[in-house]
Structure formats: C-alpha cells, structure tokens
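Trainee: I would like to learn how to read a new structure. Where do we begin?

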Amino acid sequence: MTETHQSFSSSEDTILRVGSSSPPQAVAQSISKCISESNQFPALRAIGHGAVGQAVKAIAIARGYVAPRGIDLAVVVGFDTVENSDGKEISAMVFKTFAR
C-alpha cells in the first residue's frame, strides 16, 4: 500500500515556529503584526506539548489584539511532517489562522 503525504501548510504560508519557551505575548504580537502589515494570516508550527500550549495561548491573546480592528481570528488545526536536525521525520501541529 502506497501512502501519499500532503502537507497541511502550503509553501506560500507565513509560518511562525513556536517553542515551549516562546512567550505567548510575543507570538501574539507577531501574529497581529503579520495580519496588519502584510494582510496575511500566518500558520503556527509547534512540536511538543509545551510548544502546543504556548501556541494556543498566543492565538487566544492575538484574538484580543485584532478584535478592535473588526477581525474575528479563528484557527484550523492539523498535522505536518518536518525533518529534525538529525534528518528524521517528526510530526508537528500546525495552527492555520484565518478571519471568520
């Protein structure tokens, strides 16, 4: 059986990498800045439960940052496969943001 893999994030997405030590307020500011300056809704990529938690917090904070501009920030969650520094494929959670 042949399995084909389709990436959840496309090559034209702006991808913000979130780590377990990423400050959620700083990530939220990056999301807001990306939306306001380039009118692009970024995708966040997180590997590991700590990074996923920080990404979720950042999205919640960013909703508050962009709401006064009339933007209802929403997210779709999926998985992507990335290569680590050893060349091994690992799974990452991807949070694609968009306006509702």
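Trainee: Of the contacts in the chain with a separation of 6 or more, what share comes from residues 24 or more positions apart?

Mentor: Keep in mind that this is a predicted model. Such residues account for 66% of those contacts.

Trainee: Which elements does the chain have, and in what order do they run?

Mentor: Count them, then read from the N terminus. The chain holds two helices and four strands. The order is β-α-β-α-β-β.

Trainee: How many residues are there, and what percentage is buried?

Mentor: Buried here means under 20% relative accessible area. The chain has 100 residues, and 35% of them are buried. Its accessible surface is about 6,300 Å². Carbon and sulfur atoms hold 50% of that surface.

Trainee: How do I read the side chains along strand S1?

Mentor: Look at which face each one points to. S1 covers residues 15-18, and its side chains alternate. Leu16 and Val18 share one face and are buried.

Trainee: Which strand pairs with S1, and in which sense, parallel or antiparallel?

Mentor: Follow the bridges. S1 pairs with S2 (residues 43-46) in the parallel sense, over four bridges. Isoleucine 15 stands opposite alanine 43 there.

Trainee: What do S1, helix H1 and S2 make together?

Mentor: Trace the path from strand to helix to strand. With H1 at residues 24-38, the three make a β-α-β unit, and it is right-handed.

Trainee: How many bridges join S2 to S4?

Mentor: Four bridges join them, and the two strands run antiparallel. S4 spans residues 89-99. Alanine 43 comes up again, standing opposite lysine 96 in S4.

Trainee: How does S3 pair with S4?

Mentor: S3 takes in residues 73-83 and pairs with S4 in the antiparallel sense, over eleven bridges. Glutamate 83 stands opposite glutamate 89. S3 and S4 form a hairpin with five residues between the strands. Glycine 87 in that hairpin takes a positive phi near 85°.

Terms used: Residues are numbered from 1 along each chain as its sequence is written. This is a predicted model: local features need pLDDT of at least 70, side-chain atom pairs count only at pLDDT 80 or more; totals for chains, interfaces and linings use all residues. Side-chain values use heavy atoms; hydrogens and water are left out. Buried means under 20% relative accessible area, exposed over 50%, partly exposed in between (1.4 Å probe, protein chains only). Contact means heavy atoms within 4.5 Å. Accessible areas come from the Shrake-Rupley method with a 1.4 Å probe; for residues, only the protein chains shown count as cover. Two strands pair if DSSP finds at least two bridges between them. A crossover is right-handed if, with the strands pointing away from the viewer, the path from the first strand over the helix to the second runs clockwise.
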